[in-house]
Amino acid sequence: MDQDQPNCPPVKLNELPDDSPLVRAAVAALRCRAVEENLEVRQSDLSDAGLIRFLRCRDFDSNLAWKVFKNYHKWRKECPEITANLHPPSVLSLLQTGYSGILKERDPSGSRVVIYRIAQWDPKIFTAYDLFRVSVMLSELLAREPETQRNGVKTIFDLQGWKFAHAFQITPAVAKKIAFVLTDGFPLKTRGIHLIREPLIFYHVFNLIKHFLSEKIKARIHLHGNNFAHGLQKHFPASLLPEEWNGEAGPFEEFSKELTDFLIESTDYLQNISLLE
C-alpha cells in the first residue's frame, strides 16, 4: 500500500548561495527572457552577478524580478542627468559637508542603514539631482552585497533645516522619479524609511512623493518628529546610532567618512556602469 509522502518545506532560494543549481537556473531563465525580449542592455547587465540582484530583491519571484529589471533599465536611459556620469569625485564637496552617512553595522534584521541630513544640503550649490546621484551611486554599490540583496536597505532622513529653497527643487517630475526608483525601479528592497525632525513645510513635498508610492512602501514610512530618540531606537539599537542622536556608535563624522570612502574607492566600478554615450 502506498504511503503518503511527507510534506517537504519549500526551498527558500534567497537563502541559497550564488552557485546553487536552483539559483543558477533562475538566473539563466531571467537572462533568456531578457534576450528573447531583445532588451537593449549591455552584456555585463546579463552577467550572473548583474541578474541575481533582481531575483533576490523580489525573493525569486521571476515575474516581479523581470518587472524591476525592465524598469531599472528604462529609467536609467530616461534619466541621463542622473545616470550618465556616476563619478563620486564630482560630488565630493557635497559628501564632505556630512550630508550622508552609513551605519557601521547592519541593523538586527540584517539591513544596511543609510542616513541623509538635509541641513547639510545648500540648494544654492547642489541641486536635487546631485543628491539623487549620490543615492543612486550608493545604491548601486549596496546592491552588489549578497546580504543586502537579501535583507534590503533602510533610510533615515534628518529633516532639520528643511526650507522653502529645498522644497522648490523637488518638482513633481523629481518626486515621480524618486518614487519610481523606490518602488519597482531598482534592485534593492526598501525595508524602511524613517523621517526625523520633519518641519510642517516639509509635508507638501512629502505628500507629493507619497502620491506616487505603492501601498507597501507607504506602510514602511515612519514619522518620528522632533522627539525622535525613543521612537528611532525601537527600530535601531542605540549601539548603532551616532552620538548626535543619543546613540553610542561615535560621532556622525565617522559615519559620513565611511560612506565617502566607500564611494570614492568604488569610482572605477561606478564609472564603468555609467551610461556615457
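Visitor: Why is Asp59 called partly exposed?
Guide: Asp59 has a relative accessible area of 48%. Buried means under 20%, exposed means over 50%, and partly exposed lies in between (1.4 Å probe, protein chains only). The value 48% falls in between, so Asp59 is partly exposed.

Visitor: What kind of model is this, and how are residues numbered?
Guide: The model is predicted: local features need pLDDT of at least 70, side-chain atom pairs count only at pLDDT 80 or more, and totals for chains, interfaces and linings use all residues. Residues are numbered from 1 along each chain as its sequence is written, and side-chain values use heavy atoms, with hydrogens and water left out.

Visitor: What makes the phi of Asp59 worth a remark?
Guide: Its phi is positive, about 50 degrees, and Asp59 is not a glycine. Most residues other than glycine have a negative phi. Asp59 sits in the loop between helix H2 (48-57) and H3. Helices here are DSSP runs (H or I, at least four residues), numbered from the N terminus.

Visitor: Which value describes the phi of Asn246?
Guide: The phi of Asn246 is near 65 degrees, again positive in a residue other than glycine. Asn246 belongs to the loop between H12 and helix H13 (252-265).

Visitor: How do you know whether Asn246 is buried or exposed?
Guide: The relative accessible area of Asn246 is 56%, so this residue is exposed.

Visitor: Why is His230 counted as exposed?
Guide: His230 has 59% relative accessibility, which means it passes the exposed cut-off. His230 is part of helix H12 (residues 229-232).

Visitor: Why is His166 called buried?
Guide: Its relative accessibility is 3%, so His166 counts as buried. His166 is in helix H8. Beyond neighbours within four places in sequence, it has contacts (heavy atoms within 4.5 Å) with Ile118, Trp121, Pro123 and Gly161.

Visitor: What makes Arg76 buried?
Guide: The relative accessibility of Arg76 is 5%, so it counts as buried. Arg76 lies in helix H3 (residues 62-78).

Visitor: Why is Phe168 called exposed?
Guide: Phe168 has a relative accessible area of 67%, so it is exposed. The residue lies in the loop between helix H8 (164-167) and helix H9 (172-184).

Visitor: What makes the nonpolar surface patch?
Guide: Phe164, Phe168 and Ile201 make it, with about 350 Å². Members need over 30% relative accessible area and no salt bridge, and nonpolar side chains (Val, Leu, Ile, Met, Phe, Trp, Tyr) are joined within 5 Å. Phe168, at 67%, therefore passes the area cut-off.

Visitor: Which domains does the chain have?
Guide: The domain assignment gives domain 1 (13-80) and domain 2 (88-273). The bounds come from an automatic or database assignment. The C-alpha centres of the two domains are 25 Å apart.

Visitor: How do you know how much area is buried between domain 1 and domain 2?
Guide: Buried area is the accessible area (1.4 Å probe) that two parts lose on being put together, summed over both. Here that comes to about 1600 Å², with 51% from carbon and sulfur atoms. Arg53, Arg56 and Trp75 lose the most area on the domain 1 side, together 36% of what that side buries.

Visitor: Why is the pair Glu140 and Arg53 called a salt bridge?
Guide: The rule asks for a side-chain nitrogen of Lys or Arg within 4 Å of a carboxyl oxygen of Asp or Glu. Glu140 and Arg53 meet at 3.4 Å, N to O, so the pair qualifies.

Terms used:
Patches are made of residues with over 30% relative accessible area and no salt bridge: like charges are joined within 9 Å, nonpolar side chains (Val, Leu, Ile, Met, Phe, Trp, Tyr) within 5 Å. Accessible areas come from the Shrake-Rupley method with a 1.4 Å probe; for residues, only the protein chains shown count as cover. Helices (H or I, at least four residues) and strands (E, at least two) are DSSP runs, numbered from the N terminus.
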